Amino acid sequence: MHILALVRKEGDMVYLSQLLNKPVYVGQREYAKVIDFGVVQDLSTANVSTILIRKEGKKFTLPTDQVKFTEKRFFIETEDITLSPYNDKDFYLAEDLLDKQVIDVTGRRLVRVNDVILKKNGVYKIVGIDIGFSGILRRLGLGVVFNLRTISIPWTLIEAFDYQMGQVRLKLSQNSLNAFHPAEIADILEDAGTKERLGVVELLDPRMAAAALGEADPETQQSILESLPKDSLKKIVQKMSVADIVDILKELNPFTSKEIFQNLEQDKIQNVRRLSVYPDNVAGGLMDVNFYREKEDTTVAETIEFLRLMRRRPEVVVVVDNEDTLKGIIAVRNLFNLEPDSSLKDVAISAQSVTSDAPFKEILRTFSEYNLRLLPVVDENDKVIGAISVDTVLEHVQRGEEYEEPI
Amino acid sequence: MKNLFKTRFGRILPILAILGPGIISGSVDNDAGGIATYSVAGASFGLSLLWVLFITTFSLAVTQEIGARMGLATGKGLASLIREKFGIRWTTFIMVVLLIANIGTIAAEFAGIASALEVFNINKYVSIPFAVLLVFFLVTKGSFKKLEKIFLVASAFYLVYIISAFMSHPHWGVAVESLVTPHFSLSKNYLITMIAVIGTTITPWGQFFIQDYVVDKKLTKEDLNPERADVFLGSFITNFISFFIIVACAVTLFAHNIPISDAKDAAIALQPLAGQFAGILFAFGLLNASLFGAALVPVATSYVITEAFGFESGLNFSFTEAPEFYGLFSFSLFIGAILVIAPFLPLLQILFFTQAINAVLLLPVLVFVYILANDKKLLNGYRNGRIINIIVIITFALIAISSIALLVSQFLPS
């Protein structure tokens, strides 16, 4: 890849695996063994600042400027060597990066680090990681036998974890993970280890964490929510949709469920309680109670104005009267072609609806027959109590395929 | 199914929600190699190897518990943990060990299939190619989860050994006494049978399997105690059945000096129950266990090795998306089958000796498991306790000492 071409041109490229476990000499005498390289300051500079050595069975660190590397040998030239004790809180390349999983920010997945690519330009600087099979062969001493292409990722495009704690070691002040799609984060959460999973969640913006958890499989949701510290749990749960909370509560142990209830606002609790009584496969269990409804007397212009203020703009407006009785629906994209002064009751089209006990088959049929984006759910008096979106329907179809296998 | 368990029964009895890993792993232990080894042990040495079975029950329970606990605490498979802690060289070493052990196990599964079908006069040159194709398409085209359930239902077959053992009226007092009476002999056959009994009970692949299974199910630390119950129960059931296989064979074969040379002989153990249908019953049970093992072990091998080296892995991917995964699966499947087709290896010997090889190859795996399970940085409060460590060390010593004794016995006059 391009970064390799770059460093090759400047010479001086070296792999971490070629430097580890090499002796370091003072004059002709072997003084210690180099066992790791630390990046103590900001990870974004990527400068190696300390060298970890093992001397008589103990670990010490040395500043890099005291050690010279020439002709495949490390030398210490200074007279007064400043040894510092090893601090495992710092970031070390072999300890925290080599052979570990990192987040590939471009590919949006977890990859395993087969080697670390360094460049020497006065100081050692991390250029990237090697994730190709060639890296494995090189470390096994078979690199000469099979000369494969190196697959590498630049250092700026990965996020590494702290091996012991599992926290993400962010390099940039801006959190790259919040730019992912929630479903991509969900995939990473499903694949990562227990500590790493929590590290990712705690780093996310609560809104993003809530969305990602909503996309993850039930086992992953359960595993994360039951292990989160109380304050993170609180922040995330407050951003979750009622429908997601209802789903998740079915998976959780009573203690975590109670914790979640304590952190919800009163009206959300009511909604959760109301929805919890429905099984997963009927309209009541699939509907969301947060949908956009508007009174029939509102004008098109007013509605467009309201929509402008919304952060997440809905696709469909459900039109109701003062008693919440369903009067029709209108697609948001059609609003802009309409006379601004007309009221919604004159422009809404008549809507299909189902009652809360409608089975999934009926819902699916209604969606596909009428090409719907949103299906209102009504009670026996035709009052709107919720709405099912096409996304929910697709998700349910997919889950059904995963779980409902015949024995 | 899974949802139903989780929502309805899961809340009443947490153990039901995660029922599976330990019991499945335990049941799979009684595969083709298991049935063959226990049959030979009972037929050749009567009850005198029961004490080994007694010890390995604890060994199995403890090693499975370690695997489950490490998976639960870290969310990572054993291969990942070895890679992250010991680096690529040791990982490669242990993967080579695992590959050899697993190909041996796969060969044993195919030998089981061939033996079972020989009862119906189908020779191995016909049955093995057919079985390879069947397994290949079941795994790559069909759903693996379906297989698992079918197998679990069919493994109720083992109950026939319990009934048959009772109907043959053994001296139960002597049998139970044999469980706790160590008996050591320097005879070559005794030693190798002893190693095979250990090797068929605790296997390298079973160690990786249990941990991956727990990781896949995303069990959390709160599931630890139900999961412990699951693996303990699984280990107990496995060896409970093994006990009856050995007893049934001791009474029907050892007592009448009938050595086992093929499946028809081993089936005699079921005669007290099934009479003239013993051969058919035995063949059915062996075929079921072997087919499942022949499908499961190549997939498990492929999962673990791709996990260790960071390749795409899983049956959700296509051949082009995960070539290494399918390559390893096919490779281990075909090599295992070819070993069985090879004319110079008798089926029973494959079934039996692969188990002994598994035991020896378990030694390095145990070392890594031991170090990891005592790693404070990694597991903190979920490290091994003292009793668990002692049982692991005893298991290691038992295999190591009997292997060395076997080696020494080669040079002694018989």
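A:N21 is exposed, since 12 other C-beta atoms lie within 10 Å (a residue is buried with 20 or more other C-beta atoms within 10 Å of its own, exposed with 12 or fewer, and partly exposed in between, the C-beta atoms being placed from the backbone). This is a predicted model, in which local features need pLDDT of at least 70 and side-chain atom pairs count only at pLDDT 80 or more, while totals for chains, interfaces and linings use all residues. Residues are numbered from 1 along each chain as its sequence is written, and chains are lettered from A and ligands numbered from 1 in the order in which they are written.

**Positive phi values**

- Most residues other than glycine have a negative phi.
- A:N21 has a positive phi, near 60°, and sits in the loop between α2 (16-19) and β2 (23-26) of chain A; helices (H or I, at least four residues) and strands (E, at least two) are DSSP runs numbered from the N terminus.
- B:N121 likewise has a phi near 60°, and its place is the loop between α6 and α7 (124-141) of chain B.
- B:N121 counts as exposed because it has 6 C-beta neighbours inside 10 Å.

**A buried glycine in chain B**

- B:G77 lies in the loop between α5 (50-74) and α6 of chain B, and it counts as buried because it has 25 C-beta neighbours inside 10 Å.
- Beyond four places in sequence, the contacts of B:G77 include B:G71, B:F208, B:V304 and B:E307 (contact requires C-beta atoms, placed from the backbone, within 7 Å).
- The C-alpha atoms of B:G77 and B:I210 are 9.0 Å apart, although 133 residues separate the two along the chain.

**Helix packing in chain B**

- Helix α6 (residues 78-118) and helix α18 (residues 347-373) of chain B pack at about 160°, with axes 9 Å apart; axes are lines fitted to C-alpha atoms, for helices over the stretch in contact, and angles run from 0 to 180 degrees between N-to-C directions.
- α6(B) and α18(B) are therefore roughly antiparallel (over 145 degrees; under 35 is roughly parallel, 65 to 115 roughly perpendicular and the rest oblique).

**An open sheet in chain A**

- Three strands of chain A form an open sheet in the order β17-β18-β19, with mixed pairing; strands pair if DSSP finds at least two bridges between them.
- β17(A) pairs with β18 (residues 316-320) of chain A in the parallel sense over 3 bridges, and A:R293 has A:V318 in β18(A) as its bridge partner.

Notes. Two residues are in contact if their C-beta atoms, placed from the backbone, lie within 7 Å.
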